Structures are given as structure tokens and as C-alpha cells.
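Please look through the points below with the structure open beside you.

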Amino acid sequence: MITILKKGSGLSAVLGLAMAAASQGAAAECTYSVSNEWSNGFTAEVSVTNDGASAIDGWDVSWEYSNNRITNGWNADISGDNPYTASDLGWNGALQPGQTVSFGFQGETNGGSVEQPELEGTVCGDSGGTSSSSTASSEPDQSSSSASSEPEETGQQCNWYGTTYSLCETTQSGWGWEDGESCIARSTCESQPEPYGVVGEDSSSSESSVASSSSSAGESSSSSSVSSSVSSSSQSSAVSSSSSSSSSAPDGDYERVDNPFAGTEWYVDPVWAEKAMGEPGGEAIAGYNTAVWMDRIGAITDGIGLKGHLDEAVNQGVDTFMFVVYNLPNRDCNALASNGELLIDENGFEIYQQDYIAPIKEILSQPKYSDLHIVAIIEVDSLPNLVTNTDVPSCQEAAGPGGYVDGIQHALNELSDLPNVYSYVDIAHSGWLGWSDNFSEAVQLIGDTVKGTEKGVDSIAGYVTNSANYTPLEEPYLPDPSLQVGGQPVRSASFYEWNPYFGELEFAQDWRDAMIQSGFPSDIGMLIDTGRNGWGGPNRPEGVSDSSDLDTYVDESRIDRRYHRGNWCNQPGGVGERPQANPEPGIDAYVWVKPQGESDGVSTPDFEEDPNDPNKQHDGMCNPEENNEDASVPTGALPNAPHAGRWFPEAFQLYLENAHPPLD
Ligand code: BGC
């Protein structure tokens, strides 16, 4: 089901490429501001504001540090390895007079302090010269807003939807408004935040390509924090800065919460629990929540069906139910194991809407479920395939009309009508989208997909990573990807291929930050699937290697025991962190999306067809005797595996044995 394709090998690999042609002599103010800093790192934002009278078509900005180095960025093509050059991505290259575009990045301080470099660029300054840097301004940064009415003084207040907001200084983009908790959104006082949209200088500028296609950091308004809904007492302080993004149900008294997992009881799927209990030792995990997969139209009604699960949730008296929306046309376009029942060229999009999403919505809408927090995991691996795999014909088709973007937007439009449904869109995992170019393309594509829905950024509760994958939360013995071993940074080892992210936690947190910078409200949260990413058991290293050979050092130190991070099928992982709310800042919950014991794909090429899923096939990545062709290493897949989703007792046993933290 899960495939990866590496599209770059770090910033140095794109040195000198894709420089946008900037219009010489145009006058823009370029500002460098540090958004956030911690002991060894920082995030920063650069804004380019067209100060002149004529339009700018393309821009680039360069700077150099003494000690600081960039690890990843978003909303610009950042190339070079100090000095750096950031160029527009095409969609954010055109700047009308008065318009601002911003991009961001994360960096490491390397023992020095957080620096404030001078910016240079063909558009910066009056005649293409330099423009000075600054920290986030203590005064409202009027130059970086093209709003029609600027805030005038600290203490200014405005009233949106019955709540009073005060002018404040954001950590990200100069000024914003706060409702007593933290400084969250930037807009003018006169313009109430819309679900999504760039505040333009006038109505015509908001129709320009920048304004209409996507937002840049700090320019988008958001409608967060306009309700007075409850926020759980177990909310961790840094997780979220505002309460909820939606108010009570029009026809009920359901109050939407910031985090549907916090302080709640979660559903136990009786169908999965019975299988788990049937395995020796299975009782250790059978009482935890796992997601219910709606992986075909028939799943809605077969067995206990979606309705039966929801009735059971009501019977159990729990608050939170999690299910997976997984039936897009051309599903699993870059692999074979989970190919679905719908195809774009066989009217798949129509069928998806009418025979799949509509009946799901009808069931979820029933008043008897209206008190449940219903969490929807949206379409595992789909949009990530559009980031990296559109050279594959089925993915290329999925990138077009009636494909993944249309399907996901439809699902979000429908589900966001229901105030108690919390959608989290899948973003694969760090071993797929962690490279800076994949990361920034994904931020754009996935962000734009959500922004293009009827409720825009408010149609989701957040994003989910690692669904059905095995990537660990962190590598405890490889905490620093830039550490030099044998004269090379650790991230350049064969296993990491320059990917700066070794684990899901930092990846998920940085993703959230990048999405907030691109206009999402600060109450979005992340989920991470920890069902099989524990990597305990006898093969888990107990400390750092003392080898001075880089690959040996990494191979002896990493807890991820796969031959390659792209190996996705039936890997010998272990049960990971137990499901829990608010485990870390920005993370709504660790969840078990893929129920342990369900196969990722059939291991032999001479398989029998699965009567439920005749389109599921054998993928070589599920064959233990084959190699991962991208990397010429074994697939590492477990033998004797049945079709994807079918019960696989040997795998279940292994996940128990390799659990980390260990099971009681
Ligand atoms: C399969 C689905 C299954 C899910 C959970 C996916 O790989 O394609 O049919 O429901 O895993 O096991």
C-alpha cells in the first residue's frame, strides 16, 4: 500500500537549480524574521513585499550565515548550502504592488546563536539591492500586510462573531489578534476572518494568482477561535493556542472540541478485539482503540458495518470513534497490494460520491450518534502519491479530474457538514515526504487541496502521519541528523539518503508549523500511527555505535530495523506507543490506524483472488524473496502473508514480541 520515491537528496542537490527570473529593478522590501527559537534550532520567515508601483514577476532572495544552517523549508525553492537562495515556486512568484509573499524554513544553530543575516535579492531594495533583516517586529508589521485597514496601535481591539480580540504580536508574522489565549490570526479588524483567503489590498488584488491559489505565511486569515467551545483539561499547553474551530451543531447541542481525543474514552472495535484475543498474549492490546476501515462500498454494510460499529460505540458509552475513508478511484496508484474497486475511467468519481461517501454521511448524520466525536482518517497515501509518483500512469490519472484531489475535496465537503466529524488528512510519513523538496511540494499540494474545499482550512481538524507504516517516532541513538561521523553528516548515510527526518515526531510537528504558516489555524493537530512502529525486541540496539564508518554507525544505532525506509509491506516491527491524547506539543494523539495483525499485502505471486477485493494483487514489495528495486536491498517482508486487510497471525505475534514500550 505504501510506497516512497525520493525526489532529492538535500539542499545541496538542488544548488543552482530552478532560479526564478526576477524582474530587475523592481522595488520590494525583504524582511527576515525569526519566528521561533530553541536550544539548537530555530524557524524563520522571509517576507517579500512589493513596495513599488509595478508588478513583480518572479523573485529570489539570498543570504548567508556564520554558523546557522537550514534543514528544511516551505513555500519557496531553497537551494544552496550557505549561502542560500530562495526562489518563488511559480504559483507565488507574481506580486502586485502592495502584495506580500512569505516563505519559511527551519534551521540549526550549530553551537552559535540564532543569526539575523542580511538579505540580498534581485527584487529586494529600491533598485534590486539589499534589504535589512529584523526580528519579528514589536510594532505591527504594516508593510507585510496588504490589508485595507491596518491596525494602528497596540491595544486596538475588534469584535468578530461576538468575541473581542486584541492586537498582539505573533511569533510568526508580526502582528495578529488574540482572544485571551495566544496571538493567532492576521486580518484587518474590519474584515472578519473567512475560512480561507488572502486579504488583498482591494478586491481586484485578491483575485490575482497569489491570492487565489494559495496563501503565504501570515497572509491568510483564519476563522479559528471564534467559538466558545470546550477544550479538554488534559490539553497540553503547547498543543494548541485556541479552542475550537467550529461551533455548536445547528440542530443540536454538540460542541466541537479542539482535540477529539483529549480527555475522552475511545471505542474498542469488537471485531478486531475478538481476533486479537484469539492470539496468545493478545489480551495485552485487545482493549485499545483501532480504526475501522471503510475500504470498499461493501464494508459500509458487511458484517456489523459502519452502523453496527457506531451502535456499539454508543453501547460502550465511549466518546471517540475513529474510522478510515479509503476508497478513492485509482486507489494505491503506485502499488498493487491495495488496489481498490473504483477506477477513474469507469465512472469512479461518481460512484465514490454517490455509493460511498453519501451512505457514509447518511449513517454518520443519525441523531443517535451526534454526541460521538467521530474521527475520519482521510485516504491514506493518496495525496503523497501525487507529490512523488505522477510518473506512474495510474497516479498521473489520479492527479487529474475525478481523481484524488476531487475525491478528497468531496469527502471533506460532505463530512465537514457534520459538526461532530473531525477529519485528519493523511500525509504519509517522514521517510517519504521528509526531503525538503518533497516536504514543500506536499505542503503546497495538500494544503491547497484542503483550502479548495467549501470550508477551506476549517474543513479539517489536522493531519495524520505514518498510517499503516513503520517509521519510528524518533531514533533515540541518532538524535542529530547533522552530526559528523567519518567526516560526513549522519543524514547522508545510505539508510537516510540525506533525508533530515529520522522519525515521525519532528516531521509531524514541523508539518503542523508549516501548515499554520501557510494559513491554517493554530488549532490544527497531528495524529501519528504508532501501531507497529515500536521496534523493540531482541534486535533493538541498546546504545550508540562506536564505529567511525558512517553506514556502520547508522546501521548499528538505528532502531528502525528495515533494510530500507521505503519497505512498507509486512515489516517485522513491533507495537509502538499506546494510543494516547496530547503526547507531545502539536500532536493531538498517538493512534492505531492500522490494526495490528492485518496484512499489508499478499506475499506470493500465485495468490488466490480475494472475493471482497478482486482488484488486490501481489506487489513485489510484499514478497520476501524479492528486492526493493529502488534500493537493491531485500524487501524484508514477512512470508505467508494473506491479502491486505486479512488476518495474519504470525505478524500479530511478532508485533507483540517486538513491542516497545514493552507490553505488560
Ligand atoms: C487494506 C484494507 C484494510 C486496511 C487495514 C489496507 O492495506 O487495503 O483493505 O482494511 O489495510 O488493514
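**Notes on the helices**

1. In this predicted model, helices α4 and α7 run roughly parallel to each other, because angles under 35 degrees count as roughly parallel and theirs is about 25°. Helix α4 spans residues 348-364 and helix α7 residues 404-415. Their axes lie 10 Å apart, and the crossing is right-handed.

2. Which residues of α4 and α7 make the contact? On the α4 side they are Phe349, Tyr352, Gln353, Ile357, Lys361 and Leu364. On the α7 side they are Asp406, Gly407, His410, Ala411, Glu414 and Leu415. By type, this contact comprises 6 nonpolar, 3 polar and 3 charged residues.

3. Helix α7 is mostly covered, with 9 of its 12 residues buried. Among the buried ones are Gly407, His410, Ala411 and Leu415, each of which also takes part in the contact with α4. Tyr404, Ile408, Gln409, Leu412 and Asn413 of α7 are buried as well. From its first C-alpha to its last, α7 reaches 16 Å, close to the 16 Å expected at 1.5 Å a residue.

4. Helix α10, residues 504-517, reaches 20 Å between its first and last C-alpha, close to the 20 Å expected for its 14 residues at 1.5 Å a residue.

Key
Residues are numbered from 1 along each chain as its sequence is written. This is a predicted model: local features need pLDDT of at least 70, side-chain atom pairs count only at pLDDT 80 or more; totals for chains, interfaces and linings use all residues. Side-chain values use heavy atoms; hydrogens and water are left out. Axes are lines fitted to C-alpha atoms, for helices over the stretch in contact, and angles run from 0 to 180 degrees between N-to-C directions. Helices (H or I, at least four residues) and strands (E, at least two) are DSSP runs, numbered from the N terminus. Angles under 35 degrees count as roughly parallel, over 145 as roughly antiparallel, 65 to 115 as roughly perpendicular and the rest as oblique. A crossing is left-handed if the near helix is turned anticlockwise from the far one by less than a right angle, and right-handed if clockwise. Contact means heavy atoms within 4.5 Å. Ala, Val, Leu, Ile, Met, Phe, Trp, Tyr, Cys and Pro count as nonpolar, Asp, Glu, Lys and Arg as charged, and the others, Gly among them, as polar. The expected span of a helix is 1.5 Å times one less than its number of residues. Buried means under 20% relative accessible area, exposed over 50%, partly exposed in between (1.4 Å probe, protein chains only).
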